[in-house]
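Here are a few exercises to work through with the structure open beside you. Try each task before reading its solution.

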Amino acid sequence: MATFPARVIPEGERCGILVPLTIVYLDKRDIEGAGLSIDEAIHAVARSIPGPAGINVFDMEAVTTTSDGVMIEGAIIRMAASDGGRINPDFGMLSMAEIEDSDELLAVEPHLIQWRKRFPGRRLFRGPDPKTKLIPVHNVVITGRASNNNSATEMMNIVTMEEIILPILGQLTCMKGGPVLVGMVGEVISVGIGMTIAEQYGRVFPSRQFKPGETAHGSGAYAKTLKKNIPCVVCDKAVLAEQTIAALDCGCVPARELGCSPAVLSIARAMGYPMALDRITAGAWEELESVGITRTWLEEHPTPMTREEVLAKADGIIPGVERARRVASSELLEMREIDG
Amino acid sequence: MRLMHTKLPEFLDKMNAANDKHLPDHRLTIRGMENLRTVKMQSLRTGRLENEVEEIASMEGIDHVELVMMPRVPETMHTVVIKGIAADGTVKKAILDTINVLHPTEEAELIGCEEIDDRRPPIGKH
């Protein structure tokens with residue numbers, strides 16, 4: 001019988017946080033190596049887990065974008081939710097749509113200049129095509145108690161109502177190895193995750209609903225409470241800085257091509273990159289100011305730091321994650337061999 | 001058309017009666033309908049469900065029966081009506097909004113069950 005490896009965060013208390021369901025990360029290459037289809041592998045994983053689980057399949061050679069619009073290597077291509085060994089046949093699995101490169105696309109999604117400059121020829125996946133859904137639910141798959149939301153970056157147990165936030169860069173660190181930050185989402189990231197960019201088939205929104213400089217939350221000072229007390233697994237801040245700097249180096253400007261999240265603005269400010277502050281809407285300013293990111297602070301123009309300085313001091317420069325603990329991903333995850 | 005839909009109390013009576021024919025000492029457990037007070041239930045399905053409750057209740061080795069009703073589609077959008085009501089009972093102002101609700105799917109009720117006879121039509125068909 002063919003076997004393949006799975007990276008698993010088991011349900012329960014782990015590294016100081018409550019993991020509400022089993023989380024499984026699979027590499028497409030491992031599945032192909034075992035001679036299985038992706039769906040066969042997902043079902044095999046489901047059969048091996050008696051409780052609720054969220055299952056994400058990665059193509060580590062493809063690329064994706066963060067909610068800020070930063071382009072990165074490694075993409076989720078299919079997501080699933082399982083419970084009791086089963087996967088709901090109607091709502092339990094969904095694929096992400098492959099995005100075709102074109103000049104027309106670049107004109108309306110200018111952050112994709114990173115694709116051409118940094119990752120030419122690589123396949124791009126973000127969220128699903130709504131037409132592939134049976135009915136218009138949001139970008140979610142559900143089986144039994146398990147819910148895998150927002151194109152596999154947020155998982156929950158609907159019965160216990162506990163939730164965990166899994167930003168894509170943290171998941172990719174789990175795939176590649178390296179330290180991750182485990183803690184509570186907190187106020188800054190609660191605000192930042194709403195500062196999305198306009199994307200067709202995006203991870204959260206299926207159409208180009210919110211432009212850079214806007215907030216998808218639109219809930220004023222209340223936005224910072226949105227996910228404040230929910231556990232999360234995110235990448236090391238130096239990794240976030242490295243990827244964001246690469247986007248800035250491609251000519252992407254916060255609030256013009258990139259989102260205006262506190263993380264993006266803080267890195268741009270530290271290095272003296274231009275920021276399109278006039279494009280930030282009043283609603284977005286209200287949310288930013290509620291977590292201490294003011295226009296006055298952004299216009300201070302401190303002595304620009306070098307890339308190396310920002311990477312070395314990333315923890316102090318980039319706000320976000322409360323009660324954070326840096327742990328080796330090997331401490332958070334366990335490797336399991338799954339029978340196909 | 002009066003026969004097309006069944007009143008809620010009648011629906012509950014029919015389910016309980018179907019159970020009690022075979023398990024008079026073990027009351028039918030009904031969940032998922034707690035918020036329903038005044039609704040009409042699809043009559044053809046009421047009859048089918050009545051037969052199915054009886055079918056399960058009459059099986060050998062069954063101690064008691066549960067009937068669980070849950071949304072077929074696990075994300076439902078609901079209208080929310082927020083009403084300000086004056087002392088004389090009139091609605092002075094109402095705001096309409098929506099909220100989406102995520103529900104567990106049937107697998108949450110089927111843990112450990114091997115024999116599942118899925119008689120549901122495909123989604124979109126009655």
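**Exercise 1.** Which residues in α7(A) meet which residues in α8(A)?

*Before you start.* This is a predicted model, where local features need pLDDT of at least 70, side-chain atom pairs count only at pLDDT 80 or more, and totals for chains, interfaces and linings use all residues. Residues are numbered from 1 along each chain as its sequence is written, with chains lettered from A and ligands numbered from 1 in the order in which they are written.

*Solution.*
- Step 1: from α7(A), take Leu240(A), Ala241(A), Thr244(A), Ile245(A) and Leu248(A).
- Step 2: their partners in α8(A) are Ala263(A), Val264(A), Ile267(A) and Ala268(A); contact asks for C-beta atoms, placed from the backbone, within 7 Å.
- Step 3: sorted by class, this contact has eight nonpolar, one polar and no charged residues. Ala, Val, Leu, Ile, Met, Phe, Trp, Tyr, Cys and Pro count as nonpolar, Asp, Glu, Lys and Arg as charged, and the others, Gly among them, as polar.

**Exercise 2.** Find what lies on each face of strand β12 of chain A.

*Solution.*
- Step 1: locate β12(A) at residues 154-157; strands are DSSP runs of E, at least two residues.
- Step 2: one side carries Glu154(A) and Met156(A), the other Met155(A) and Asn157(A), and all are buried (20 or more other C-beta atoms within 10 Å of a residue's own).
- Step 3: look at the neighbours. β11(A) pairs with β12(A) in the antiparallel sense over four bridges, where pairing takes at least two DSSP bridges. Here Asn148(A) stands opposite Met155(A).
- Step 4: β13(A) also runs antiparallel to β12(A), joined by four bridges, and Glu154(A) stands opposite Ile165(A).

How values were computed:
Contact = placed C-beta atoms within 7 Å. Buried ≥ 20, exposed ≤ 12 C-beta atoms within 10 Å, placed from the backbone.
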